[in-house]
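Here is a short report on one protein chain. Keep the sequence and the 3D view open while reading.

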Amino acid sequence: MDSIHIYKQVLSRLIAAVQKSSLAKNTKMMAVSKKRSTEEILEVYNQGHRNFGENYANELIEKSKVLPSDINWFMIGHLQTNKCKKLLEVKNLFAIESVDSFKLAEEINNQSKKLDRVTNIYIQVNISKETTKSGIAAEETEMLVQEIVSKCDNVKVTGLMSLGTLGSTEEFTAMYQLKQKICNTFGFSQEEFTVSIGTSDDFEEAIACGSDEVRIGSLLFEK
Ligand SMILES: *Cc1c(COP(=O)(O)O)cnc(C)c1O
């Protein structure tokens, strides 16, 4: 199948899943373009798609230099503090979704201050509790948000992200409930705050559990 058909097919599956879900309202799709060429990304861009996610800071930075400036870039991979400065120089960096420590949030805040920008961050939660996975424990999330909110003026916590056990509705539900708890505690709007759950192989289940953002890589790019 060509990329136009694949893109349309994924979008219509997403729309159907949202219509069926009593919890999801306006779920957005992020195209995960790690290791994909600029040509492959442009094929999706030319369908009108603007939200792209990358796992490696250097790759995001290099792609942002050659691809259209109206792309919204999302950093979804592990981020080292020494890469923050260069990454934040990308003007159309829309959000960093992989924040799992105060140290990292603080560095993003310091560099954002220097660049006179406010950076959207999501907290990455290790919802499956696997020791090999990155992310902060669900029980520690509220404390981390508290510290960021009270000390970091140049970052804005706008979401939660997890990459858990494939297709686990228990984990999706736990993430959805954590979003509600965080929003209630800090007075964030449920409509504006994002819970980013679900990938190529389980995005429909995630939408049924209330996902606001699904991150789709292989399904979109592997023909
Ligand atoms: C690669 C990746 C995805 C996309 O996974 P697919 O199975 O290819 O859709 C989503 N989120 C993160 C954090 C990833 O690293």
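## Burial and overall build

Of the 223 residues in the protein chain, 52% are buried. The model is predicted.

The protein chain contains 9 helices and 8 strands. Its radius of gyration is 17 Å, close to the 17 Å given by the globule rule for 223 residues, so the protein chain is as compact as a globular protein of that length. The C-alpha trace spans about 50 × 40 × 30 Å along its principal axes. Take the contacts between residues at least 6 apart in sequence: 57% of them join residues at least 24 apart.

## Surface and charge

The protein chain has an accessible surface of about 10900 Å². Carbon and sulfur atoms account for 50% of that surface. There are 27 positive and 31 negative side chains. The centres of these two sets lie 3 Å apart.

## Helix H3 and its packing

Helix H3 covers residues 57–66. Its buried residues are Ala 57, Leu 60, Ile 61, Lys 63 and Ser 64. What do these buried residues of H3 pack against? Two helices are among the partners, H2 (38–45) and H4 (84–88). The buried residues of H3 also pack against strands S2 (51–54), S3 (72–75) and S4 (93–99).

The structure holds 10 salt bridges. One of them joins Lys 63 to Glu 54, with the closest N and O atoms 2.8 Å apart. Are Lys 63 and Glu 54 buried or exposed? Both Lys 63 and Glu 54 are buried. The pair also belongs to a network of salt bridges that links Glu 54, Glu 59 and Lys 63.

Lys 65 forms a salt bridge with Glu 62, and here the closest N and O atoms are 3.3 Å apart. Lys 65 and Glu 62 are 3 residues apart in H3, so about one helical turn separates them. Lys 65 is exposed, with a relative accessible area of 59%. Glu 62 has 46% relative accessibility, so it counts as partly exposed.

## A salt bridge between Lys 85 and Glu 89

The side chains of Lys 85 and Glu 89 also meet in a salt bridge, at 3.3 Å from N to O.

## Thr 194 in strand S7

Thr 194 lies in strand S7, which covers residues 194–196. Its relative accessible area is 14%, and the cut-off for buried is under 20%. Thr 194 is therefore buried.

## Lys 20 on helix H1

Lys 20 sits in helix H1, which covers residues 3–20. Its relative accessibility is 78%, so Lys 20 counts as exposed. How far apart are Lys 20 and Asp 116 in space? From C-alpha to C-alpha they are 42 Å apart. In sequence, Lys 20 and Asp 116 are 96 residues apart.

Terms used
Residues numbered from 1 in each chain as written. Predicted model: local features only at pLDDT ≥ 70, side-chain atom pairs only at ≥ 80, totals over all residues. Heavy atoms only, no water. Helix = DSSP H or I, 4+ residues; strand = E, 2+ residues; numbered from the N terminus. Rg over C-alpha atoms; globule rule 2.2 N^0.38 Å. Buried < 20%, exposed > 50% of the residue type's maximum accessible area, 1.4 Å probe, protein only. Contact = heavy atoms within 4.5 Å. Areas by Shrake-Rupley, 256 points an atom, 1.4 Å probe, with all protein chains shown as cover. Lys, Arg positive; Asp, Glu negative; His and termini not counted. Charge placed at Lys NZ, Arg CZ, Asp CG, Glu CD. Salt bridge = Lys/Arg side-chain N within 4 Å of Asp/Glu carboxyl O.
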